[in-house]
Amino acid sequence: MQGPNPATKDTHGTMGLPKGGNPQGNGAFILGSLLPLPRSYSTEGRQTITCNNTPLITPLEGSKRLAELHKLAKEDPEAKFPKLIHYISDLNILALAYELIKSKPGNITRGVDKETLDSIDLKFLDNTSKKIKAGKYKFPPARRVQIPKPGKKEKRPLGIASPRVKVVQKAMEWVLNAIYDPIFKDTSHGFRPMKSQHSALQQIDQQFKGVVWFIEGDIAKYFDTINHSKLMEILKEKITCPKTLALIKSSLEAGYIEFGGLCEKAMLGTPQGSVMSPLLSNIYLHKLDCFMEDLMEKHNKGTKRR
């Protein structure tokens, strides 16, 4: 996970910008320049910054809250979470979500409106936080474009959400990831932190020494065919927060605008290009992983290969 340089986590403004000998800068969060400068600043220990006796909003605090949530989920795999909306609406986590997406080129592409991440400030994050906490935040439709598939004539639909909507999506993704990643199987490598094709190949190299054949499967148009009802049933097994479930459902059913016209609300699938789609697809396929693991245990017999 991208994070701040611990030595400069409380630095304000654009101090430590990239220079010739330090092309990446010192890692300080630029968001600090959008907040009021503190009236009191403690240099001893440099642990907190206050403004009118109010703690400053920092992405670092957001990452701490997510780490606490992840620890809770890891300690109790059967735990249920009734108040997740308080995490998604947390200003520190929204600030962290902004920091995680603001520098990626794809997140400056406009959605259905002309809003971008430029000039985003604490007022926007505060208003968004209040709407989410009150259960009043609704996802607008995304802009849909058709992109060519490499080596094929058919095209793939790609949903492009507003950059500011992606801030909320990113906050949702990290909160959900904190409670679901600890329960995913070790054999699941796609779209996961610290996992990739390389970790999958490493596992095969280390643990599949006696294997002489493999089964390759491919689900046609998988993102486009995920059943919303089944997905929501799976989510309800761990999430008992009605506002969080309603927020996820709103993101699934937001629909899209294509060729200048608003299409009907989506009844199936998660939009390709959505920040949330990879994680939701992993949650959906976790049931398949569990089924395959049980099937494997059923058919594994003896201690030696014939």
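**Ground rules.** I number residues from 1 along each chain as its sequence is written, and I work with heavy atoms for side-chain values, leaving out hydrogens and water. Since the model is predicted, local features need pLDDT of at least 70 and side-chain atom pairs count only at pLDDT 80 or more, while totals for chains, interfaces and linings use all residues.

**Core.** I looked up the largest nonpolar core and found 59 residues. Such a core is a set of buried (under 20% relative accessible area, 1.4 Å probe, protein chains only) Ala, Val, Leu, Ile, Met, Phe, Trp, Tyr and Cys residues joined through side-chain atoms within 4.5 Å. L235 is among those with the most contacts inside it. Beyond its neighbours within four places in sequence, L235 is in contact (heavy atoms within 4.5 Å) with Y180, L245, I248 and I283.

**Cavity.** Lining residues, with an atom within 4 Å of a point, include Q169, S274 and M276.

**S274.** Which lining residue did I follow up? I picked S274. S274 is buried, with a relative accessible area of 14%. Leaving aside its neighbours within four places in sequence, S274 is in contact with G159 and Q169. I also noted that its side chain reaches the backbone nitrogen of M276 at 3.2 Å.

Note on methods. Buried < 20%, exposed > 50% of the residue type's maximum accessible area, 1.4 Å probe, protein only. 1 Å grid on protein atoms, 1.4 Å probe; cavity = no way out; pocket = protein on both sides within 12 Å on 5 of 7 lines; lining within 4 Å. Polar contact = N/O pair within 3.5 Å; in protein donor to acceptor, adjacent residues only side chain to side chain.
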